[in-house]
Amino acid sequence: MTANNKLVEVKDLKKYYPVTAGLLARRLGEVKAVDGVSLDIHEGETLGLVGESGCGKSTLGRTLVRLEEPTAGRIVFRGRDISHLDREGLKGLRREIQMVFQDPQASLDPRMRVGDTIGEALLIHGMKDEGERERRIEELLMRVGLEPGHAERYPHEFSGGQKQRIGIARALAVNPKLIVADEPVSALDVSIQAQILNLLADLKAEFGLSYLFIAHDLSVIRYISDRIAVMYLGKIVELAPRDHIFDHPLHPYTEALLSAVPVPNPHIKRERIILQGDVPSPVNPPSGCRFHTRCPKAVEDSPKIEPPLIEWEPGHWVACHRFRK
Ligand code: ADP
Ligand code: MG
């Protein structure tokens with residue numbers, strides 16, 4: 001299912017935001033939202049990205065689609081370095097990488113008819129013939145479970161789930177290779193979430209897509225992902241095929257996240273691990289392993305040395321002093 005062709009290679013990626021104060025915008029420091037992330041996205045896979053709120057998931061996603069300029073590091077897409085691009089380069093990239101946002105309401109222009117929103121994407125990418133555009137808009141609307149006549153309507157006439165379908169149609173319009181979906185179902189009723197997840201899964205097969213799928217909800221991540229990356233305070237702490245993460249987590253942070261999820265099998269008892277303290281600030285992350293301040297299994301080196309992300313078992317990566325080669 002998951003061929004090991006690398007669609008995206010991310011190397012030591014960093015995205016820092018300045019923290020400023022006062023009229024003169026005195027620079028007080030930096031928010032290290034993404035602080036040295038390396039990972040690959042394989043052709044045809046869904047890579048799930050999970051972690052607590054504020055750990056840098058959206059920033060990583062936005063930097064990957066190049067809505068943000070990286071502070072350091074490299075993003076290689078289909079063999080091409082896309083870390084820094086000019087306007088033309090970015091425009092070309094939009095044809096290959098698209099984003100679906102969490103809040104379908106905010107991501108659609110309320111004054112634009114749905115057909116125009118989708119048509120705009122087609123026009124920007126060179127589909128000049130109006131009749132051809134109209135046919136393609138109708139086709140896309142039907143493919144995401146809406147009706148051709150919906151093209152004439154405005155976003156406020158749709159439910160949350162329908163708006164997300166429109167967001168997906170807009171992303172699909174340019175025939176992208178990769179879609180970064182940033183919590184695409186978090187804002188929806190639970191009953192609607194499964195429909196949208198199923199739609200995304202069907203589209204992936206049909207259009208030969210790959211996804212970076214961001215969520216904080218582990219049951220959503222489990223349902224949709226081929227592999228899963230776990231993020232903590234700007235870093236990837238564990239990355240493995242889905243079943244490895246759920247059946248055999250290595251990192252204490254992953255264990256804690258999983259312990260909060262109900263287990264369907266009543267014979268398996270999982271102890272709930274309550275993490276101590278709050279998530280530290282990404283302006284001044286803890287020394288060494290940045291999870292050490294909350295880690296129930298910290299060792300002597302944890303506050304002193306930053307553990308590298310290593311391949312502990314084939315395909316199973318972890319950054320923790322308890323797993324050292
Ligand atoms: P997540 O999506 O995992 O909740 P984010 O990527 O949104 O996390 O945020 C990571 C950190 O970066 C947070 O501390 C957030 O406040 C900060 N941050 C995100 N975007 C900006 C920005 N444009 N300017 C300054 N800080 C930001
Ligand atoms: Mg986010």
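Start by selecting helices α3 and α4. V114, G115, I118, G119, L122 and L123 of α3 touch R133, R136, I137, L140 and L141 of α4 (contact: heavy atoms within 4.5 Å). By class this contact holds seven nonpolar, two polar and two charged residues (nonpolar: Ala, Val, Leu, Ile, Met, Phe, Trp, Tyr, Cys and Pro; charged: Asp, Glu, Lys and Arg; polar: the others, Gly among them).

This is a predicted model: local features need pLDDT of at least 70, side-chain atom pairs count only at pLDDT 80 or more, and totals for chains, interfaces and linings use all residues. Residues are numbered from 1 along each chain as written, chains are lettered from A and ligands numbered from 1 in written order, and side-chain values use heavy atoms, without hydrogens and water.

Now draw the axes of α3 (114-124) and α4 (130-143). They come within 10 Å and cross at roughly 115 degrees (lines fitted to C-alpha atoms over the stretch in contact; angles from 0 to 180 degrees between N-to-C directions).

Next, select ligand 1. Around it sit Y17, V31, A33, E52, S53, G54, C55, G56, K57, S58, T59 and P282 (each with a heavy atom within 4 Å). This shell splits into five nonpolar, five polar and two charged residues. Colour α1 (57-64) and β2 (26-42): each supplies at least two shell residues.

Zoom in on the ligand's oxygen atoms. A polar side-chain atom of S58 is 2.8 Å from one oxygen atom of ligand 1. Polar backbone atoms come to 3.1 Å for G56 and 3.3 Å for C55.

Key. Polar contact = N/O pair within 3.5 Å; in protein donor to acceptor, adjacent residues only side chain to side chain. Helix = DSSP H or I, 4+ residues; strand = E, 2+ residues; numbered from the N terminus.
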